[in-house]
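Open the viewer and follow along.

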Amino acid sequence: LIAALLNLEALLVSGVLYGFPALFPLLQSEGFYSYLCGDDKEGGCPAQSARLNVVFVVGSVVSQFSALPNGIFFDRVGVKWCKLTGSVLVVLGCISCAFASANPKKIIGDGLVWGFALFALGSGAIFIPIMSMVDIIPRRSELMLTLLNGAFDASSGIFLLIKISGATVKHGFIALLIGPIICAISAVFLPKATQKYIEQKDEQEETPISEIPSTKSTSKQEGGKDVVDLKTSVSIVDDSIPVHLVLSKKSVKEQLKSFEFICGTIFWGIIILRLNFYIGSVQSFFMSFHSSKATEFASYFEFILPLGGIVFAPIAGLVVQQFDFKVGMVAAWVMGTIISVLTLIPVLDLQILTFILFVYQRTFVYGSVSSYIFSMYGPKNFGRMYGCTMLMCGIIGGLQYLLNYFTFSVYNVNFFAMYLTVAILHFVAGIGPVLFFRISRNTNN
């Protein structure tokens, strides 16, 4: 029952903003930022598209930047107050978007931008405590994390439902209030037995460091078995030893200095940058083909994106559960590399394959990054380490603004140069997992 409730909350709130491609034409049809098009307002213009993309960039970057303060806040106040605070912020975000002016003259007074920022801040404050509760089912924690991230993906379909229903932007955001209300109610009435169980699990996992073997300098003990002095290494240990039993005993400061954090953060940051740039620009990307089928393809993507979270999440979850996050890292990188190549080929029909691979990869990415942080650093510092990881990803994700600027202002809505740039970055990011496995193999040997 608790697992079902957690997935429902994630579905209603966590990744709603990433359904922006479905909201884009609705905002355009209601004339948001149409003053930028001058007299030729019908069908929109590049300046309007660029300004609408800024709204998504602000939301996605705030979502990642806010992960650190949300993580620290969660570690200090716990599930209940973190979810309540997040619910209030999401409510304020929905209200701001619902009553936003369609043609604000300055971005500082743009209710849509402020609304997306508040929604992103609040949804993160809700999603972090939700993820922390996967330890209620310890034997299936990786599977639960991936399913929750599948719900995160599927929540992007909320804007699609608003579009299909024929609702206005105002009425759509008012309807979204049901999500934070449910989250607030569940936070208040969270069974005390559940909270007690989580506390007991944290105490049980406080294994003394002296009992944990590592992989550097070895000495002989009973039976002639090699054990290792943990003080010499905080890197990945033998597969038979849970990784989080090593790094989770370290302080947050030591965890932040570890190779695993630095390497993993750069890898995930570049991967997520490519994901968000594609989501934010996909409508304009299809229009750049100047084909009668472009609008039809954009509609396909709006359907496939949330559907992927439902269809692919169980598959990705089973893979991560059966193997580990390293397999998820490789799978995410390989699929992303193929997608990067496909987006450089100017054949519209080929983009259907891009859609399918994209939603599958996105499920793997968010499922694997959560599993990576949970497994590597343990539940005790999960909030802060998840926040630090997402903060660094947000800094890298800030490059979205530059990518949009060059695409719309410098290259006149020609995506090839920027997609090529992102493809190169993505390919280079693959060095991360290679180093990861190489160091792991060397230390094990």
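## Overall picture

The chain folds into 20 helices and 2 strands. Keep in mind that this is a predicted model. The chain has 445 residues, and 56% of them count as buried. If you look at contacts with a separation of 6 or more, residues 24 or more positions apart account for 79% of them. The accessible surface is about 18,800 Å², and carbon and sulfur atoms hold 66% of that.

## Rings

Now for the aromatics: there are 23 aromatic pairs in the model. Two of them are set out here.

| Pair | Centre distance | Plane angle | Type |
|---|---|---|---|
| Phe 127 and Phe 152 | 5.4 Å | 35 degrees | tilted |
| Phe 286 and Phe 355 | 5.4 Å | 85 degrees | edge-to-face |

Why is the pair of Phe 127 and Phe 152 tilted? The planes of Phe 127 and Phe 152 sit at 35 degrees, and the stacked class needs under 30 degrees while edge-to-face needs over 60, so this pair falls into the rest. Phe 127 belongs to helix H5 (residues 111-132) and Phe 152 to helix H6 (residues 141-154), so to speak a link between distant parts of the chain, 25 residues apart. Phe 127 has a relative accessible area of 5% and is therefore buried. Phe 152 is buried as well, at 7% relative accessibility.

The pair of Phe 286 and Phe 355 is edge-to-face because its planes are at 85 degrees, past the cut-off of 60. Here too, distant parts of the chain are linked: Phe 286 is in helix H13 (residues 259-287) and Phe 355 in helix H16 (residues 351-377), 69 residues apart. Phe 286 is buried with a relative accessible area of 0%, and Phe 355 is buried at 0% relative accessibility.

Phe 127 and Phe 152 also turn up together in one aromatic cluster, along with Tyr 18, Phe 20, Phe 24, Phe 56, Phe 116, Phe 159 and Phe 173.

## Holes

How many cavities of 30 Å³ or more are there? The count is 6. The largest cavity holds about 200 Å³ of space. It is lined by 16 residues, and the closest to its centre are Ser 63, Phe 127, Phe 152, Tyr 386 and Met 390. So Phe 127 and Phe 152, the tilted pair, meet us again at this cavity.

Helix H3 (46-65), H5, H6 and helix H17 (382-397) each give two or more residues to that lining. H5 gives the most, with 5 residues. By residue type, the lining divides into 10 nonpolar and 6 polar, with no charged residues.

Start with Thr 265, which is in helix H13. Is Thr 265 buried or exposed? Thr 265 is buried, with a relative accessible area of 6%. Setting aside residues up to four places away in sequence, Thr 265 touches Thr 389, Met 392, Cys 393 and Ile 396.

Then try Ile 345, in the loop between helix H15 (325-342) and H16. Ile 345 counts as partly exposed because its relative accessibility is 33%, between the cut-offs of 20% and 50%. Beyond its neighbours within four places in sequence, Ile 345 is in contact with Leu 350 and Gln 351. The C-alpha atoms of Ile 345 and Phe 416 are separated by 8.8 Å, although these residues are 71 residues apart along the chain.

Key
Residues are numbered from 1 along each chain as its sequence is written. This is a predicted model: local features need pLDDT of at least 70, side-chain atom pairs count only at pLDDT 80 or more; totals for chains, interfaces and linings use all residues. Side-chain values use heavy atoms; hydrogens and water are left out. Rings of Phe, Tyr and Trp (its six-membered ring) pair if their centres lie within 6.5 Å; planes under 30 degrees apart count as stacked, over 60 as edge-to-face and the rest as tilted. Helices (H or I, at least four residues) and strands (E, at least two) are DSSP runs, numbered from the N terminus. Buried means under 20% relative accessible area, exposed over 50%, partly exposed in between (1.4 Å probe, protein chains only). Contact means heavy atoms within 4.5 Å. On a 1 Å grid over the protein atoms alone, a cavity is a set of points where a 1.4 Å probe fits but cannot get out, and a pocket is an open set with protein on both sides within 12 Å along at least five of seven lines; lining residues have an atom within 4 Å of a point. Grid points are joined across faces, edges and corners, and a volume is the space filled by probe spheres set on the points. Ala, Val, Leu, Ile, Met, Phe, Trp, Tyr, Cys and Pro count as nonpolar, Asp, Glu, Lys and Arg as charged, and the others, Gly among them, as polar. Accessible areas come from the Shrake-Rupley method with a 1.4 Å probe; for residues, only the protein chains shown count as cover.
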